[in-house]
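Hello,

Here is the structure we discussed handing over. Notes on what was found in it follow below.

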Amino acid sequence: MFKKGLLGILAVLASPFSIVEVYANDILNDGKVGEVRRVPGDNEFKVCADSNNMPYSNDKGEGFENKIAELLAADMGKELSYQYWFDRFGYLRNTLNAWRCDYLIGTNTTYDAVDTTKPYYRAGHVFIYRKDSGLNISDFKSEDLRKVEIGLKDKSPVAVALNDHDLMANARPYRIQRDLTESPGKLVQDVIDGVVDVAIEWGPIGGYYAKQSGVDLVVVPVPEYEQVKQTGKTYWNISAGVRKREAERRDEIEAVIMRNKDKILKILDDYGIPHSEPVFGSNLDGYKRHKN
């Protein structure tokens with residue numbers, strides 16, 4: 001007890017946080033003894049987000065998840081703020097699990113590292129090509145795919161489908177972790193510039209940058225591909241997320257999302273984000289967690 005209090009005081013001397021916050025943290029969060037952490041305020045809606053990851057978010061509030069966050073905060077009558085961090089390795093450890101923020105606006109429904117709400121939309125991959133290319137591509141069996149160079153992120157699930165259809169020789173891999181000096185829309189831009197003939201991109205990114213380009217591009221949803229291997233699954237349900245063991249916070253944000261779902265889908269449409277209703281075809285869709 002003495003050590004805990006002493007360490008708490010020492011922590012206060014080295015930080016701008018109050019002693020009340022230190023002790024509250026010890027009691028509520030099961031953190032390390034004396035560790036200083038932020039304690040969420042009652043009127044606070046603090047979101048974890050990337051400062052430069054359009055179309056999801058940026059520090060100017062221009063992403064579609066920024067807009068969804070604004071909608072949810074307004075409904076709850078809370079003050080919106082952000083903790084920005086580049087969405088790479090260590091993102092969750094340095095944001096949500098470090099108590100620097102309390103909500104993820106969009107995450108895979110079956111992401112086990114967080115507690116997720118019921119899904120509010122479903123996203124998948126898309127084929128993108130120039131309309132003036134004359135190509136006609138609707139699925140992995142399309143003959144035109146055998147004639148072209150296909151750009152895709154390395155280790156993307158769609159690589160399974162390409163391999164199963166003997167199309168890997170046509171593939172041009174892009175680094176899954178992009179150079180932060182380049183736009184997330186580089187793959188779409190390379191289609192426009194003729195660097196590759198077809199892109200297979202994650203739908204929210206592909207749809208947004210295709211719409212933003214002003215070029216006549218064809219955006220075709222990639223058919224679900226999980227009949228051969230689950231690692232080739234191309235669609236995922238999307239939920240909001242909170243820290244584990246925060247059922248009350250999860251249920252609150254879930255209720256707000258569900259009563260604002262039409263407005264959220266309108267935001268997705270405004271940004272050109274392809275979306276569909278969540279389905280529960282397997283455990284990877286959150287079948288056990290959220291079907292009912």
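**Backbone, disulfide and packing**

Lysine 155 sits in the loop that runs between strand E8 (150-153) and helix H5 (158-164). Please keep in mind that this is a predicted model. The phi of lysine 155 is near 65°, a positive value in a residue other than glycine. With a relative accessible area of 72%, lysine 155 is exposed.

Tryptophan 99 also has a positive phi, about 60°, although it is not a glycine. Its place is in the loop between H4 and E5. Tryptophan 99 counts as buried, at 12% relative accessibility, whereas lysine 155 is exposed.

The loop between helix H4 (91-94) and strand E5 (104-108) also holds cysteine 101. Cysteine 101 forms a disulfide with cysteine 48, and the two sulfur atoms are 2.1 Å apart. The structure holds one disulfide. The pair links distant parts of the chain, since cysteine 48 belongs to strand E1 (residues 44-49) and the two cysteines are 53 residues apart. The torsion about the S-S bond is about 110°, so the disulfide is right-handed. Both ends are buried: cysteine 48 has a relative accessible area of 5%, and cysteine 101 is at 0%.

One more backbone item is the peptide bond between methionine 54 and proline 55, which is cis, with omega about 10°. Proline 55 lies in the loop between strand E2 (52-53) and strand E3 (57-58).

Next, the helix packing. How do the axes of H3 and H9 cross? Helix H3 (residues 64-76) and helix H9 (residues 261-270) have axes that come within 10 Å and cross at roughly 160°. Angles over 145 degrees count as roughly antiparallel, and H3 and H9 are therefore roughly antiparallel to each other. Their crossing is right-handed. On the H3 side the contact involves Phe64, Lys67, Ile68, Leu71 and Leu72, which meet Lys263, Ile264, Ile267 and Leu268 of H9. Sorted by class, this contact has seven nonpolar residues, two charged residues and no polar ones.

- Isoleucine 128 lies in strand E7 (residues 121-130) and is buried, with a relative accessible area of 0%. Isoleucine 128 and glycine 207 are 79 residues apart in sequence, while their C-alpha atoms are 8.6 Å apart in space.
- Threonine 234 is found in the loop between strand E11 (217-221) and strand E12 (235-242), and at 0% relative accessibility it counts as buried.

Regards

How values were computed. Residues numbered from 1 in each chain as written. Predicted model: local features only at pLDDT ≥ 70, side-chain atom pairs only at ≥ 80, totals over all residues. Heavy atoms only, no water. Axes fitted to C-alpha atoms, helices over the stretch in contact; angles between N-to-C directions. Helix = DSSP H or I, 4+ residues; strand = E, 2+ residues; numbered from the N terminus. Parallel < 35°, antiparallel > 145°, perpendicular 65-115°, else oblique. Left-handed = near helix turned anticlockwise from the far one by under 90°. Contact = heavy atoms within 4.5 Å. Nonpolar A, V, L, I, M, F, W, Y, C, P; charged D, E, K, R; others polar. Disulfide = S-S within 2.5 Å. Buried < 20%, exposed > 50% of the residue type's maximum accessible area, 1.4 Å probe, protein only.
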